[in-house]
Amino acid sequence: MPLAARLAAALPPGRFARLGVAVSGGGDSIALMHLLAEHRAAGGPEPVVVSLDHGLRPEAAAEVAGVMRAAAALGLVHRALVWRGWDGHGNLMQAARRARYRLIADWARDEGLPAVALGHTADDQAETFFMRLARGAGVDGLSGMASERVAEGMLWLRPLLESTRAELRGWLGARGLGWVDDPSNENAAYERIRARAALAALAPLGITATGVAEVTQHLREVRAALVVQTHAAAAALARVEAVEVLIDRAGLEALPAEVRRRLLAHALRWIAGSEYAPRGPALAGFAEAAGAGTTATLHGCLALPEGPLLRLCREASAASGAVPPGALWDGRWRITGPDAPGCEVRALGEAGLRLCPDWRASRRPRAALAADPALWRGPDLVAAPLAGFANGWRAEPARNGDDFLASLFVH
């Protein structure tokens with residue numbers, strides 16, 4: 001299928017009026033920008049171009065300027081962003097990637113754009129597969145990058161995932177269009193470059209980027225089936241109470257191991273309000289302890305056995321710090337009530353629980369209540385609505401059971 005037809009299938013006319021497109025100056029993103037400009041003439045969305053100068057190479061500013069000129073020649077609006085957030089600590093590539101997504105998402109929201117297109121290809125998909133294979137990833141990891149994904153509150157599109165890097169460069173070359181080759185693409189110190197070399201070495205066996213990308217598509221179909229099964233298990237075995245998840249222990253243990261792991265991982269991610277769920281040996285150990293009826297901690301959450309049930313709740317020490325009354329606290333609760341100058345919302349904790357003689361009326365474990373929100377004025381407890389000490393205040397959950405089930409399909 002021609003490149004233009006693949007793009008039109010991924011972005012049919014009428015779906016978006018305008019669309020952000022992230023362009024670095026490399027061949028993949030330059031091709032995407034030109035393809036989107038052509039697609040616009042056929043009824044596609046108006047592309048709005050963004051580039052990020054990450055300041056990690058001296059050529060970066062010139063490359064962004066080159067993208068700006070190329071966008072202007074196509075009659076497209078271009079915005080240059082700058083990141084100078086590297087402090088020399090941690091994983092540089094990971095920090096740069098997170099900053100890139102965050103900054104571009106913020107820009108897209110400010111522009112009123114519903115989504116941002118990225119130039120990832122079948123080669124990127126295959127390289128990601130090998131990188132995750134080396135880490136011992138499961139079905140989710142090996143299913144690779146999705147053609148559509150929500151992150152940082154923005155919809156990210158990858159309309160070229162079925163196209164190869166060679167196809168895009170051939171398309172550009174046939175039109176006399178240039179691009180920039182990042183010298184880091186030859187640096188074997190980077191994991192992705194080593195994965196690229198490994199893929200090239202496997203070519204004699206018939207293992208190609210397109211073939212690996214097809215395998216990841218099969219795995220995504222397996223993942224989708226597992227999500228449906230996990231959703232059914234959650235609907236049958238779990239209920240939400242006070243932004244906590246209660247699961248029937250016998251039913252949980254009867255589930256296939258992968259579905260059980262997924263249900264627990266999703267519950268922990270949902271309670272903690274984190275983008276990612278725990279994986280690997282830590283999750284396996286947590287699942288084993290939960291099945292045995294032993295109290296366990298993971299991902300800022302607790303597993304507390306309660307007779308035939310397992311309660312998954314927030315761990316008090318992991319709850320977020322102080323916010324003003326009425327603000328969202330720990331991604332879970334809002335406390336509202338009368339005017340309270342000098343007050344702030346913090347975790348109730350053990351110290352607060354000792355000031356709430358009626359906490360047992362909630363019928364929730366002490367450890368769970370300790371992670372609930374309370375209103376404090378300095379060291380003085382003003383209110384703890386969930387622990388029997390409302391004092392005119394009310395705690396409203398930010399999430400509920402419907403959200404718990406629906407978010408399974410998002411993550």
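Predicted model: local features only at pLDDT ≥ 70, side-chain atom pairs only at ≥ 80, totals over all residues.
Alanine 371 is buried, because its relative accessibility is 0% and buried means under 20%.

**Alanine 371 and its surroundings**
- Which residues touch alanine 371, leaving aside its neighbours within four places in sequence? They are Arg314, Glu315, Ala316, Trp329 and Arg332.
- Serine 317 lies 54 residues from alanine 371 along the chain. The C-alpha atoms of these two residues are separated by 7.6 Å.

**The chain as a whole**
- The protein chain has 411 residues, and 43% of them are buried.
- It contains 15 helices and 16 strands.
- Its C-alpha atoms fill a box of roughly 80 × 50 × 45 Å, taken along the principal axes.

**Helices H5 and H8**
- Two packed helices are described by the angle between their axes and the distance between the axes.
- Helix H5 covers residues 122-134, and helix H8 covers residues 191-201. Their axes come within 9 Å and cross at roughly 105°.
- H5 is therefore roughly perpendicular to H8, a term for angles of 65 to 115 degrees.
- On the H5 side, the contact is made by Asp124, Ala126, Glu127, Thr128, Phe130 and Met131. On the H8 side, Glu191, Arg192, Ala195, Arg196 and Leu199 take part.
- By class, the contact of H5 with H8 has five nonpolar, five charged and one polar residue.

**The second largest pocket**
- Rolling a probe the size of a water molecule over the atoms shows where empty space is left.
- The second largest pocket has a volume of about 460 Å³.
- How many residues line the second largest pocket? There are 25. Closest to its centre are Ser147, Leu161, Glu162, Gln217 and Arg220.
- Helix H1 (3-10), H5 and helix H9 (209-237) each supply at least two residues of this lining.
- Which helix gives the most to the lining of the second largest pocket? H9 does, with six residues.
- The lining of the second largest pocket divides into twelve nonpolar, six polar and seven charged residues.

How values were computed
Residues numbered from 1 in each chain as written. Heavy atoms only, no water. Axes fitted to C-alpha atoms, helices over the stretch in contact; angles between N-to-C directions. Helix = DSSP H or I, 4+ residues; strand = E, 2+ residues; numbered from the N terminus. Parallel < 35°, antiparallel > 145°, perpendicular 65-115°, else oblique. Contact = heavy atoms within 4.5 Å. Nonpolar A, V, L, I, M, F, W, Y, C, P; charged D, E, K, R; others polar. 1 Å grid on protein atoms, 1.4 Å probe; cavity = no way out; pocket = protein on both sides within 12 Å on 5 of 7 lines; lining within 4 Å. Points joined across faces, edges and corners; volume = space filled by probe spheres on them. Buried < 20%, exposed > 50% of the residue type's maximum accessible area, 1.4 Å probe, protein only.
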